[in-house]
Amino acid sequence: MPKHLYIITGASRGLGFAMAQQLLHPDHFLLCISRNENARLAEHAKASACAIEQWPLNLDHGVEAAAMLTQWLTHHGNKTGQLPYFQSAALINNAALLPTIAPLSATDPAEIATVMRVGLEAPMQLCSAFLGGTEGWKTAAGQALPRRVLNISSGLGRNAMASQSVYCATKAGIDHFTRCLALEEAAKTGGAKVCSMAPGVIDTDMQVHLRGATPQSFADHSRFLDLKAKGQLASAEDCASQLLRYLNQADYGSNPIADLRALA
């Protein structure tokens, strides 16, 4: 039977893993792109009778990842005159890297390049491959296939923070390219719905990394210690549930820039 396609980056751990876990369903097809495969996710997918592929890719090589996705979509696409395999398709750009917590003057230029490639270039390249590869896909009724793009942003893309200029820049870039993308897709018949979503502060490895910094290199260090101590971090599972619920709402994409905490 036709399935709903979900393509998720960074699905092997943290928020991406939580979203992938919650999407395991017999009517879904998951394509997960991460640095490493997750054996537990594969086991759970089998138990859930959910079709899944895991690509162990480093998104530092976004051009290659985008080329693979284009080829995959061409092979699995809804072909004219045939019953469509997919009823909808969604791309969730979740993968990102948190660089060394330090002023830009003390940051390795090679690390800057890697973080920017994974956090901004790769999402743009995968969006290009996804939207180009699915453009023209039809439902069984001959209508444009519903397509959605969810780019995981951050409050740090909208609020400056010392010692995190590279990460802040990638997330600000995610927001602005999503605004542009929304304008492009709105001008098309059957264009995709897109949104860049700040999910709030989540209890993941990123928070561990921030709390592990030294106060000397990170002026906001005490703030992140307080968030953990006061139980103000959302769980990855709760955040994933809210994100996926919003992704499937009828008004998804009505605002290309959103904050999950404002939607609760």
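This is a predicted model: local features need pLDDT of at least 70, side-chain atom pairs count only at pLDDT 80 or more; totals for chains, interfaces and linings use all residues.

Visitor: Where does D60 sit?
Guide: D60 is in the loop between β3 (51–56) and α3 (62–76). Helices (H or I, at least four residues) and strands (E, at least two) are DSSP runs, numbered from the N terminus.

Visitor: Is D60 buried or exposed?
Guide: D60 is buried, at 17% relative accessible area. Buried means under 20%, exposed over 50%, and partly exposed in between, with a 1.4 Å probe and protein chains only.

Visitor: Which side chain does D60 make a polar contact with?
Guide: That's R117, at 2.3 Å. A polar contact is a pair of N or O atoms within 3.5 Å; within protein, one must be able to donate a hydrogen and the other to accept it, and residues adjacent in sequence count only if both atoms are side-chain atoms. Leaving out residues up to four places away in sequence, D60 touches T114, R117 and V118, where contact means heavy atoms within 4.5 Å.

Visitor: OK, T170. What's around it?
Guide: T170 is in helix α5 (residues 165–186) and is buried at 2% relative accessibility. A polar atom of its side chain lies 2.7 Å from the backbone oxygen of Y167. Beyond four places in sequence, T170 touches V115, M116, G119 and L120.

Visitor: Switching topic: at what angle do α1 and α2 cross?
Guide: Roughly 10°, and the axes of α1 (residues 14–22) and α2 (residues 39–47) come within 10 Å. Axes are lines fitted to C-alpha atoms, for helices over the stretch in contact, with angles from 0 to 180 degrees between N-to-C directions.

Visitor: Which residues meet there?
Guide: F17, A20 and Q21 in α1 meet R40, L41 and H44 in α2.

Visitor: And the largest nonpolar core, how many residues?
Guide: It has 34, and L5, I7, L59, L69, W72 and F130 touch the most other members. A nonpolar core is a set of buried Ala, Val, Leu, Ile, Met, Phe, Trp, Tyr and Cys residues joined through side-chain atoms within 4.5 Å.

Visitor: Which helix gives the largest share?
Guide: α4, with 8 residues.

Conventions. Residues are numbered from 1 along each chain as its sequence is written. Side-chain values use heavy atoms; hydrogens and water are left out.
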